[in-house]
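The following note sets out comments on a single model, arranged as numbered points. Please read it alongside the sequence and the coordinates.

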Amino acid sequence: MTVIDPDTQASWVPEAEVDDVDETDDMPLSTRLSIADTLTLGNATCGFLAVYFTTTGVLIPHLTGSEDGGMTRHSAASAVMLMLLASVFDLFDGLVARKLRSSAMGAELDNLSDLISFGLAPAYFVLVWGMVSDGAHQRVSAVAAIVVLLAVVLRLARFSCVTLRDGVFQGMPSPFGALTVVSVVLLGLPFVPTLLAIIGVAWLMVSRVEYPKPRGRLAVAMLGWIVTSMALLAAWAFEAPGGELLLQSACALQVVMGAVIPLFATARRVNAFRDNRREARAAEAP
């Protein structure tokens, strides 16, 4: 026979219900997804789909001997357009996070999504290019793809650990780097110049060259450039008159911007250093 104390009976709660209450109370509101986090997840989804289109539309037809030039072109264009769309999500999730609240997971989600869309997707694109292109060397292309992937990994890790002055990135931003790598491949240059350009972009991503953050007019200009690039990719995919020439011109412009921006940034730092020295000497003069 069990004796129940009436004083303790009212306060007894089933163990399962206690666990549920504790788990609910221990979950802070900051870990719930925000609007910015949803955009970040869209970024990751685009990166995964870019890998999917590169595999199903470019690599598998090449391996099975069932290549269709039109379908391959459509799949390659779709993969690059998805990387461009991922950069749009990456641009807007930061803007939304600054205007609205961001969850505690925001920074981690952003890094993980960037790794997929701007690390894995372009590196895989380089790998597949080395497998399907005439005159390319598959193993060397695989090494170049690994270099791109590791550059993005190191860049994102350093971004999480290093504090810089407001308004600048250290090293080429991963979205800009990914689009530059893809542009180098789409230019259709000989193997060695393409390989050297890809490695050069990877080096710029881990360099200490400062790049401005896309804010204000720069963000609008970047968005306009992305939309224009997507339109050119569509024209190339559907074989519009002059579409290939326009796409190659846009790719060349992207590569030139990737090379020129570091030169301007370095010249600006040198001029600032000279001005500081000149001011210091003027202050020490009697």
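1. Cavities and pockets are found on a 1 Å grid over the protein atoms alone: a cavity is a set of points where a 1.4 Å probe fits but cannot get out, whereas a pocket is an open set with protein on both sides within 12 Å along at least five of seven lines, and lining residues have an atom within 4 Å of a point. Grid points are joined across faces, edges and corners, and a volume is the space filled by probe spheres set on the points. The largest cavity holds about 150 Å³ of space, and the count of cavities of 30 Å³ or more comes to two.

2. The model is predicted: local features need pLDDT of at least 70 and side-chain atom pairs count only at pLDDT 80 or more, while totals for chains, interfaces and linings use all residues. Residues are numbered from 1 along each chain as its sequence is written, and side-chain values use heavy atoms, with hydrogens and water left out.

3. Overall architecture. Helices (H or I, at least four residues) and strands (E, at least two) are DSSP runs, numbered from the N terminus. The chain comes to ten helices and two strands, in the order α-α-α-α-α-α-β-α-α-β-α-α along the sequence. Buried means under 20% relative accessible area, exposed over 50%, and partly exposed in between (1.4 Å probe, protein chains only); 37% of the 286 residues count as buried. With contact taken as heavy atoms within 4.5 Å, 81% of the contacts between residues at least 6 apart in sequence join residues at least 24 apart.

4. Lining of the largest cavity. Which residues lie nearest the centre of the largest cavity? They are Leu 84, Leu 179, Ser 183, Ser 229 and Cys 251, out of 13 lining residues. Helices H4, H7, H9 and H10 each supply at least two residues of this lining. For the classes, Ala, Val, Leu, Ile, Met, Phe, Trp, Tyr, Cys and Pro count as nonpolar, Asp, Glu, Lys and Arg as charged, and the others, Gly among them, as polar. The lining of the largest cavity divides into ten nonpolar, three polar and no charged residues.

5. The largest pocket. Its space is about 1300 Å³. Of the 46 residues that line the largest pocket, Asp 90, Phe 169, Pro 173, Lys 213 and Pro 214 lie nearest its centre. Helix H4 (residues 69-99) gives the most to this lining, with eight residues. The classes here are 25 nonpolar, ten polar and eleven charged.

6. The second largest pocket. The volume of this pocket is about 610 Å³. Its lining has 26 residues, and those closest to the centre are Trp 129, Ser 133, Val 185, Leu 186 and Trp 236. Two or more lining residues come from each of helix H3 (35-64), H4, helix H5 (106-132), H7, H8 and helix H10 (243-284). H5 provides the largest share, four residues. The lining of the second largest pocket has 15 nonpolar, seven polar and four charged residues.

7. Packing of H7 and H8. Axes are lines fitted to C-alpha atoms, for helices over the stretch in contact, and angles run from 0 to 180 degrees between N-to-C directions. The axes of H7 (residues 174-186) and H8 (residues 191-206) come within 9 Å and cross at roughly 175°. Angles under 35 degrees count as roughly parallel, over 145 as roughly antiparallel, 65 to 115 as roughly perpendicular and the rest as oblique; H7 and H8 are therefore roughly antiparallel to each other. On the H7 side, Ser 174, Gly 177, Thr 180, Val 181, Val 184 and Val 185 meet Thr 194, Ala 197, Ile 198, Val 201 and Met 205 of H8. These contact residues divide into seven nonpolar, four polar and no charged.

8. Two residues within helices. Val 80, in helix H4, is buried, with a relative accessible area of 5%. Leaving out residues up to four places away in sequence, Val 80 touches Phe 125, Val 182, Leu 186 and Leu 233. Ala 44, in helix H3, counts as buried at 16% relative accessibility. Ala 44 and Ser 117 are 73 residues apart in sequence and 6.0 Å apart in space, C-alpha to C-alpha.

9. A backbone point to inspect. Most residues other than glycine have a negative phi. Glu 239 is not a glycine, yet has a positive phi of about 55°. Glu 239 is located in the loop between helix H9 (217-237) and H10, and counts as exposed at 55% relative accessibility.
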